[in-house]
Amino acid sequence: MIKITIPARQAAPKPPIGAILGSKGINVATFCKRFNQMTDHIEVGAPIPTEIYKNDRGELDIVIRSPTVVYLIKKYTNISKGSGTGKIVGRISNDALEMIYKIKKNDFNTARKSGAFKIIRGVARSMGIR
């Protein structure tokens, strides 16, 4: 299995994707075409956590997740980057938390909504967002 984060609709057979997949004997052009088709409904450039499995026959199984929590927080708070110093750089509304939860709920390792909200709030806090 290979785990890599790739921008939606922007997979191309060049580094780092080409180097990572090529070294594992995966046809990079075929992967890029399939990935770009799979992410056609997602905003261009959104970082997509991806898992790639290659079976014994050389066939690929590609599992894409929803965009990262960091990306979604930046999108819903209209900030370009988080604070590296702990300084407060923005606020996030409960509505935005709810939207992020709806997008990411299948990717969280908790079945409880309250647990998922704690994860989102923790990521936001680490970015300097209240």
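**View 1. Lys 104 and the residues around it.** Leaving aside residues up to four places away in sequence, Lys 104 touches Ser 66, Pro 67, Thr 68, Val 69 and Leu 72. This is a predicted model, so please read each view with that in mind. Lys 104 itself belongs to helix H4, which spans residues 94–104.

**View 2. Lys 104 and two backbone oxygens.** Here we look at the side chain of Lys 104, where a polar atom lies 3.3 Å from the backbone oxygen of Ser 66. The backbone oxygen of Pro 67 also has a polar atom of the Lys 104 side chain at 3.2 Å. Is this lysine buried or exposed? With a relative accessible area of 7%, Lys 104 counts as buried, because the cut-off for that word is under 20%.

**View 3. Tyr 71 in helix H3.** Now we move to Tyr 71, a residue of helix H3, which runs over residues 69–77. Tyr 71 has a relative accessible area of 17% and is therefore buried, given the cut-off of under 20%. Beyond residues up to four places away in sequence, the contacts of Tyr 71 are Glu 43, Ala 46 and Pro 47.

View 4. For a sense of scale, the C-alpha atoms of Tyr 71 and His 41 are 16 Å apart in space, and the two residues are 30 apart in sequence.

Technical notes
Residues are numbered from 1 along each chain as its sequence is written. This is a predicted model: local features need pLDDT of at least 70, side-chain atom pairs count only at pLDDT 80 or more; totals for chains, interfaces and linings use all residues. Side-chain values use heavy atoms; hydrogens and water are left out. Helices (H or I, at least four residues) and strands (E, at least two) are DSSP runs, numbered from the N terminus. Buried means under 20% relative accessible area, exposed over 50%, partly exposed in between (1.4 Å probe, protein chains only). Contact means heavy atoms within 4.5 Å. A polar contact is a pair of N or O atoms within 3.5 Å; within protein, one must be able to donate a hydrogen and the other to accept it, and residues adjacent in sequence count only if both atoms are side-chain atoms.
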